Each structure stands twice: as C-alpha cells, then as structure tokens.
Amino acid sequence: MTETRSSARRVVVIGTGAVGGAVARRLLAGGREVVVWNRTAGRSAGLVDAGALPAGSVREAVSSGDLILLTLTDYAAVRQCLAELDMDLSGRTIVGMYTGTADEARRAARRAAVLGASYLDAGIQASPETIGTGAAIILYSGSRPAFEEHGATLGLLSEPRFVGEAPEAAAVWDLTLFGVWYDAQLGLLRALDTVREAGIDVAEFSRAAAAQLGHVVTGVPGTVSELSRSIYPAGPADLTEHLTVVRHLIGLRAGRRLGDGGLPAVAARIEALIGDGRGDEGLGATIG
Ligand SMILES: NC(=O)c1ccc[n+]([C@@H]2O[C@H](COP(=O)([O-])OP(=O)(O)OC[C@H]3O[C@@H](n4cnc5c(N)ncnc54)[C@H](OP(=O)(O)O)[C@@H]3O)[C@@H](O)[C@H]2O)c1
C-alpha cells in the first residue's frame, strides 16, 4: 500500500464498529485527520483517545470532510444516515462500505447524486484485523474520478481495486466471490455428510475430495479461455455423460439436509442443450 496521489487529509468515518474502527485507526496511523460519528457514541471513545475528532451528528460529521466512509451494518443503516442529510455535498465523495446487494448500491448512488456527491460502493473482502495489511482486498465501483482522487487514502486500507463504473459492480463481485466459496464449501460438506453416513472413512475420502477441488482451481484458466472463445470442448466427459452422473447425484442427494445443490436445474439445462444437438460439448456450454 503506497501513497501515489494527493488525497483528502480529513476523512469522515460514519460507524465505528469492527470495520469502521479498524479503518479509522489505520487512517490515523497513515496521517489523516479522522472525524468519527457512531450511533452509540461511547463506542468511539477509544478512537477519540487515539486522536480522532468526534462529531455530534451525521450532518456535522459529513460537513467536515471531503471523503465520507459509511462503515455500517447494512444498506438500511446507510439509507437512514443518508436520509438525515439535506445539504449540498458537491465536491465530496461518499463511500458505502457494507455488504449489500446490487440494487442497494444503485439506490445509494442515486441518493448521493441527489446530494451532489460522488459515490463509490465498496466490497470488503477483508476482516477488520487485516485492514491496512497486504491481506486486505477492498473492491470499489462507481465514480472513477472519485476513486482516483482518493486513491492514496483508500490505499492505506488495502490494495484498492476499481472493478467498474456501474455503482453495483463491487457488490456483484463481492457477493459472487462469496458464492464461489459457498458453492465449494457446501459441496464439500454435502459430500462429507453423505460418505460419513455411508460408513466411509471420512479422512481418507477427504484427501480425494481435496484433489477434486484442486482440479477446479487448476481448470480456471481453461474455463475462462473457453468462455472467451465461446467454444466448449468435451474434456473428460461430454454433456450426455455429465447428465448421467448428475442424475445419479440427484438420486444420492434426495432428502439430504443440505439439499441437492441446485442439480435439477443443471440437469434441465443439459437436457435442453442435448435437445439442441449439443450433447457432445463440455460442461462450459451450460453458460455458453
Ligand atoms: N467484520 C467483518 O469481518 C466484515 C468482513 C467483511 C465485510 N463486513 C461488512 O462490513 C460492514 C460492517 O461490519 P462490522 O463488522 O463493522 O459491523 P459492526 O461491528 O456490527 O458495526 C456496525 C456499525 O453500524 C452501525 N449501525 C448499525 N445500524 C445503524 C443505524 N441504523 N444507524 C446508524 N448506525 C448504525 C453500528 O452502530 P452502533 O455501534 O450504534 O450499533 C456500528 O457502528 C457489514 O456490512 C459487514 O457485512 C464485515
């Protein structure tokens, strides 16, 4: 994390919970003046002792800086704080730092625009203790000029990564990255649940399962290349063969407590492709 551009020296942090507290501390350590406001005022006391300036209201806080970070629980909290503002915020940048949906990001951006402010939506792929370390990734989308103007300050928190000018881009990245993890982890849990109940040695099975997950990881470049070329070669199995396995899995997972992982929809998609004469293509064709 290096400082490459001039940036706002006074930063406003609205919400000093786990993420907001870590963000404010890192900004102070990076030489920024930090104004803090928290709904439960006492929770900012440690930050004030560390040099942050307390504000008496959201309005007062927002008036005192160019870069306003909303490190809040969710969009409902963001909406509530933005609803308290009625002044002209031209020249200021609001950053929504919370886990939310694409629609919420668009709504926050619209509200910021009404106030005259630039808007960035942030996807926090980091835990509070990693803020300010190389392990933190924070994704930003929305106003590129605002991202560039405040790049040095945002760079104190993580390697800042701009993922698109659509306000919702960071939320889509953030949620779909979580989705990749959930799909893999729940796939593993489903498998372990099934083999344990079948009396199979879970430890021995898990080594084979880890190798299987590894095949997904090493196959990523090939999959992306197929998508970019719109060509889906069969690989080790074609769609007709995949359909047989998927149907067997649906049967194996019937009635299981973690469900079937959406395989019936996958089977229906493969059946439709086979019906279109594409049974000799590979699995990538399901999104082709
Ligand atoms: N913690 C993590 O590891 C982590 C990792 C990635 C992403 N995130 C995301 O980052 C965001 C913040 O998480 P966090 O862990 O910092 O949460 P947190 O510790 O619970 O802090 C939430 C903050 O939001 C404030 N708040 C909640 N509702 C409010 C409202 N209606 N009006 C005003 N302020 C309100 C809280 O104020 P009070 O103190 O008054 O309650 C507090 O300052 C969440 O969207 C979370 O999903 C967190």
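How many residues surround the ligand, and which are the closest? The ligand has 21 residues around it, and the closest are Val19, Asn38, Thr40, Arg43 and Thr73. Here a residue is near a molecule or strand if one of its heavy atoms lies within 4 Å of it.

This is a predicted model, in which local features need pLDDT of at least 70, side-chain atom pairs count only at pLDDT 80 or more, and totals for chains, interfaces and linings use all residues. Residues are numbered from 1 along each chain as its sequence is written, and side-chain values use heavy atoms, with hydrogens and water left out.

**Ligand contacts**

The table lists polar contacts, that is, pairs of N or O atoms within 3.5 Å; within protein, one atom must be able to donate a hydrogen and the other to accept it, and residues adjacent in sequence count only if both atoms are side-chain atoms.

| Residue | Protein atom | Ligand atom | Distance |
|---|---|---|---|
| Asparagine 38 | polar side-chain atom | oxygen | 2.6 Å |
| Leucine 72 | backbone N or O atom | oxygen | 3.5 Å |
| Glutamine 80 | polar side-chain atom | nitrogen | 3.1 Å |

On its own the ligand has 900 Å² of accessible area, and the protein covers 75% of this. Accessible areas come from the Shrake-Rupley method with a 1.4 Å probe; for residues, only the protein chains shown count as cover.

**Domains and annotations**

The domain assignment gives domain 1 (10-173) and domain 2 (219-287); such bounds come from an automatic or database domain assignment. Taken over C-alpha atoms, the centres of domain 1 and domain 2 are 41 Å apart.

UniProt, in an unreviewed entry, lists residues 11-156 as "domain: 6-phosphogluconate dehydrogenase NADP-binding". That span, residues 11-156, is 38% helix and 23% strand, with its end C-alpha atoms 12 Å apart. Residues 168-285 are 71% helix and 0% strand, and their end C-alpha atoms lie 27 Å apart. UniProt positions are given in the numbering used here, feature names are shortened, and annotations may be inferred rather than shown by experiment. Helices (H or I, at least four residues) and strands (E, at least two) are DSSP runs, numbered from the N terminus.

**The sheet**

Eight strands make up an open sheet of mixed pairing, in the order β3-β2-β1-β4-β5-β6-β7-β8. β3 (53-54) and β8 are the edge strands, each with a single partner, so one side of each has no neighbour in the sheet. Two strands pair if DSSP finds at least two bridges between them.

Strand β1 (residues 10-14) pairs in the parallel sense with strand β2 (residues 33-37) over five bridges, and valine 13 has valine 36 in β2 as its bridge partner. β1 also pairs in the parallel sense with β4, over four bridges; here valine 11 stands opposite leucine 67. From strand β4 (residues 67-70), Leu67 and Leu69 point one way and Ile68 and Leu70 the other way, and all are buried. Buried means under 20% relative accessible area, exposed over 50%, and partly exposed in between (1.4 Å probe, protein chains only).

β4 and β5 are parallel as well, with four bridges, and leucine 69 is opposite valine 95 in β5. Strand β5 (residues 93-97) contains glycine 96, which counts as buried at 0% relative accessibility. From C-alpha to C-alpha, glycine 96 and alanine 109 are 8.9 Å apart in space and 13 residues apart in sequence.

Strand β6 (residues 118-125) runs antiparallel to β7, joined by six bridges, with glycine 123 opposite leucine 139 in β7. Five of the six residues of strand β7 (residues 137-142) are buried, so the strand is largely enclosed by the rest of the structure. β7 pairs in the parallel sense with strand β8 (residues 159-164) over five bridges, where serine 141 stands opposite glycine 164.

Threonine 194 is in helix α8 (residues 169-197) and is buried, with a relative accessible area of 18%. A polar atom of the threonine 194 side chain lies 2.9 Å from the backbone oxygen of arginine 190.

Serine 230 is in the loop between α10 (220-229) and α11 (239-253). At 52% relative accessibility, serine 230 counts as exposed. Although serine 230 is not a glycine, its phi is positive, at about 55°.
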